[in-house]
Structures are given as C-alpha cells and as structure tokens.
Amino acid sequence: SGPDTVTPTGAATGVDRASVAQHGPYLTTAQGARLYDSDHSLKAGARGPVLLQDHHLREKITHFDHERIPERVVHARGAAAHGVFHAYGTASEVTKAAFLGKEATTPVFVRFSTVLGSRGSSDTVRDTRGFATKFYTSEGTFDLVGNNIPVFFIQDAIKFPDIIHAAKPHPDREIPQAQSAHDTFWDFVTLHTEATHHTLWNMSDRGIPRSYRTMEGFGIHTFRLVNAEGATTLVKFHWKPKLGVHSLVWEEAQIINGMDPDFHRRDLADAIEAGAFPQWELGIQTFPDTPEQTFEGIDLLDPTNIVPEELAPVQPVGLLTLNANPSNYFAETEQVAFHPGHLVPGIDITDDPLLSGRLFSYLDTQISRLGGPNFAQIPVNRTHAPVNDMLRDGMHQTAVHAGAAPYRPNSLDGGCPFKAGADTSAYIEVPVEVPEARKVRDAPASFADHFTQPRLFWLSMTPVEREHIIAAYTFELGKCYEQAIKERALRVLANIDPELCEQVAKGLGLPAPEATVPLLALDPSPALSQLGRTWPLD
Ligand code: HEM
C-alpha cells in the first residue's frame, strides 16, 4: 500500500496521488507507450474503413465502456468529506476504544446521502439522510453507519428488501423519484405500523434538512461498550451539529430541487473550501447492561424506539471537524465502503435483529458493487492499522503476498502470530449469555407498541412544526391513487393524535376515523420528563 497524501489541512485523503497521477509532457497508452494522435482512428486511407488493429482506439473505447460501476442499491446519491475526530477522553470509563481515549486524534471520512433517489437525483427531496463515518483508528477501522433520523422503518432486517421495493420508484415506469408520494410506500408503512414513527419524522421538518452541516446523526441501534476492566455498558450514538439543527420549508425545498439539484453537495464542498469547517460533537446515551436490555421500560433492541434525552442525557465524547473535500468523487465518495460490522476493541454489537441483517448485507452488496472481495485495498477503504490477514487472491487483488503457507498456525512461515487468550488488545467479542430458547420466526411482545413514541414526538412539536407535518401528510397522501390506502393512513394517524388525523382528513376530503388504541394523555413537556414513570409498557 502506498503512503497517504496529507492535505494542507492535515486530513489524510487516502489517495496515493504519485502512483495515480496523470501528468507528463505527452499522452500515452495505459502501457506507457507514447501517442502521437488521440483524435483520429487508424484507417485504410483518410476516407476508408477503420482498422481492427488500432489498439489505441480499442483500448480507449473499451475502458470508457466500463467506466460505470453499479450505484448503491440504497443511498446511491451522496457527498463526502475528509476530517479529523478529537476525543475528549470522557468515554474512557465505559470503553477501552483507543480513538475515544483522552486527546486521541483520528482521521475520518464522512459520506452523507439520500436513501431512495438514484445517483443523479436531487438533494432536497423529502427523505431520510445517511450519515456514515469511517474512523481510521490505530486499532483498525470503525464505521458508524447512521442516519439523520433516530429510528428506523422496520424492526427486522428481513423486511428491508420489502420496504425498499415499496419506497423506490414503481417498477413499471420508474416514477416517482421522491420518497413518499406514491401508493406502494404508503401501502407498506400503513400495513407495517412499526414504520409509523420513522414516517412521522420523515413528514416533519427533519425530512428536508437545510444542509448536511445542520443535521443530527444517529447510530440508531443500541451498541455495547466494553471498558479496560471488561465491564459493559449499552449505548446509543448521537452526532450534534455545532451549527444547530435547521431545515428547509417545503416550498423552498421544491424550488431548490428545480434550480440547484446539487444544493447540499455544493453547500458542503463550498463551506469546506471557504474554511468554514462543519463540526459535530459525538455524544453517547448510556444504559446499564442488564439481561433485559431495557431502559425505563423501553426495549433497547427495538430500532423503532428512541430513549428520550430527558431520561438519558447525551454525553459529549469528542469533536468531528470536516476539513478537506475529496479530490476525486469516484475514487473516494463512490468507492468508499462502510460496514456496521467494522468495529474496534471496546465497541460490540447487540442482538437488535435489524443490526444482525445489516452485518450480512453490506459486505455482500459491496462484493458486487465494487467488483469482488478486494475493495478493502482501494485507498479510501484502507485501514490505517497494520494488516496481516489470510485473505488471498480474488478479483482486483493488488497486494503481492509473500510466503508459502497462507494459513495459521503453520510451521513454515514463522509460525502462529496469536497468543491464544492472552492478547487483550485483540478484538474479543463480549461473552454475553444467550438465553435458552426455541427457534421461532417471531418478534417479542415488547416490539408491539407502534404508536406511543410517535405520539410523544407529535406532542413535543411546536404549533408551526405541527402545521408542517399536517401539510406534508396532506401533500404526500394526496398523491396516492388508491382511496383505501389514504383511509388506512388516516386510521394510523388517528392512533397518533386526533387533531393530526382530523386536519389531514380535512385536506384529503375524507372523514376522520377514531383511534383504535388508548392514547397517551400527557402534556408535551411533562410527557417526556415523566416518561420513565408513566411508560405504558411497564
Ligand atoms: C447503505 C444506513 C438499515 C442495507 C447505507 C448507508 C447508510 C445506511 C448511511 C450509506 C453508506 C454510504 O454512504 O456509503 C442505515 C441505517 C439503517 C440501515 C442507519 C438502520 C438503522 C439497513 C438494512 C439493510 C441495509 C436493514 C439490509 C438488510 C444497506 C445496503 C447499503 C446501505 C445494501 C449499500 C451499501 C453499499 O453499497 O456500500 N445504509 N441502513 N441497511 N444499506 Fe443501510
């Protein structure tokens, strides 16, 4: 692997420019042979047939024919930046992760994205935004692959192909590109009511951020931290933007989509170029690691739940600064490969069934998107820690491995590098107890409440935010063709709040149904602060 280039701001770009630079006084073929003309094919006479023997012509066109790689199956459209993460050291009590230790400084690469549009779609659509961070730590790469909304549509990864099929453009005419204005999306999220909470956030101002620089980020799942003594703590990760959280209003978003579809991409690049480096604090909410894995009655393995910050304050643990734009979109932003299973000692997973499926999906998709199993060798994906693996050969292998015995232990190539059980700096999975159980395709009863947290979110909104939510549901549902889907959506809204349901029903010209679940009857702010004592699942 070549040396990393360091930009004037100190960020490692991950690209060894010397080995890839295209420069020199004359053009060459890919093999370095000097060309004298790159504008005319070799022909039998100036007006005669083009000759098959023209290698330069065939090389140039063949390479061009293969320039595109598949776009990501989701999050295809994105913008990215390099930066640096400075840890405060405040997390050291709960995790031994070196990059969170006091004054540790770690290079990072962050990619923001929309979820549903294609690579060439617009930036300011109503959608969830991806917020994926690659920390090139001294102990290996840690990826925090999060979103700007703290909950997810589904509780089990097995439904991910279904929600994405429902939310992507219809298969017959490939329209609409925007997330929600179509029948299949609303059909899915009203039949699978676990999607109610995420959908409500999408219909709020959070669905149309002003800038990537003004978005929060969330790891969503509960992770497990391990400290130097082996003690464990459950945790949720948060990114808090230094510029505060700001959104567009719907009319602005629509106009910008028409006038500058690259609005968020341009905003990020311009700000960094101007030296207005965007910053986020990384924060953690911590919870005792009990066998139940609940906190104040909230199931921590259910990714459709938040834990209100009033119950578990977000504690700042470090500062992220984005300070350099990528030098090549394809090399870096397009080829970067994040994975929620890229973990470092001190951070482990929990049994959230959504996370379990993600652990399989990302590597699998990247093998096809990036053309084989060796994409960890692409500069932006290279770990900054030493690599000594037993992975060999395969498409696009660029390493020249030494040795005759690619297996361990062996008696030929220097024996075994492991000291079994003794190496405390290795990544060792937390030996959590797995309860005795029967194999079932089922969800726990605690995953069944789909409406209490959406209601809390609604109750915490200001009057103007509520107006925006009502307008968004009315606009989006107004685009559905099927009357039955609109009616089902209103039944879901009735279970969040009667006023929300009535206003949207009025806008759609339909009767407002009654709630079918008991509604949490609390005033907005006390609702959040008293949640621990009044949680209906207790
Ligand atoms: C891509 C977040 C759930 C499959 C992404 C990206 C983000 C993200 C931010 C874009 C990464 C980039 O910029 O390159 C999340 C979050 C989830 C979630 C926060 C839930 C909490 C899932 C699930 C699956 C899945 C359940 C599948 C079972 C994928 C795939 C990609 C992707 C296949 C494309 C990766 C690539 O081509 O490199 N996700 N996702 N995601 N996600 Fe997820």
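Around the ligand stand 29 residues, of which H75, R111, G130, F160 and S361 come nearest, a residue being near a molecule if its C-beta atom, placed from the backbone, lies within 6 Å of it. This is a predicted model, in which local features need pLDDT of at least 70 and side-chain atom pairs count only at pLDDT 80 or more, whereas totals for chains, interfaces and linings use all residues. Residues are numbered from 1 along each chain as its sequence is written.

At least two residues of the shell around the ligand are supplied by each of β2 (105-114), β3 (129-137), β4 (140-147) and α9 (353-369), where helices (H or I, at least four residues) and strands (E, at least two) are DSSP runs numbered from the N terminus. The largest share, eight residues, comes from α9.

Helix α10 (residues 452-459) is largely enclosed by the rest of the structure, because six of its eight residues are buried; a residue is buried if 20 or more other C-beta atoms, placed from the backbone, lie within 10 Å of its own. The buried residues in α10 are T452, Q453, P454, R455, F457 and L459.

As to confidence, the chain has a mean pLDDT of 91, and 90% of its residues reach 70 or more, pLDDT being the predictor's confidence in each residue, from 0 to 100. Over residues 1-18 pLDDT stays under 50, and the model has 41 contacts beyond four places in sequence for them, two residues being in contact if their C-beta atoms, placed from the backbone, lie within 7 Å. Over residues 524-538 pLDDT also stays under 50, with 27 such contacts. The model scores ipTM 0.98 and pTM 0.93.

Note on methods. A residue is buried if 20 or more other C-beta atoms lie within 10 Å of its own, exposed if 12 or fewer, and partly exposed in between; C-beta atoms are placed from the backbone.
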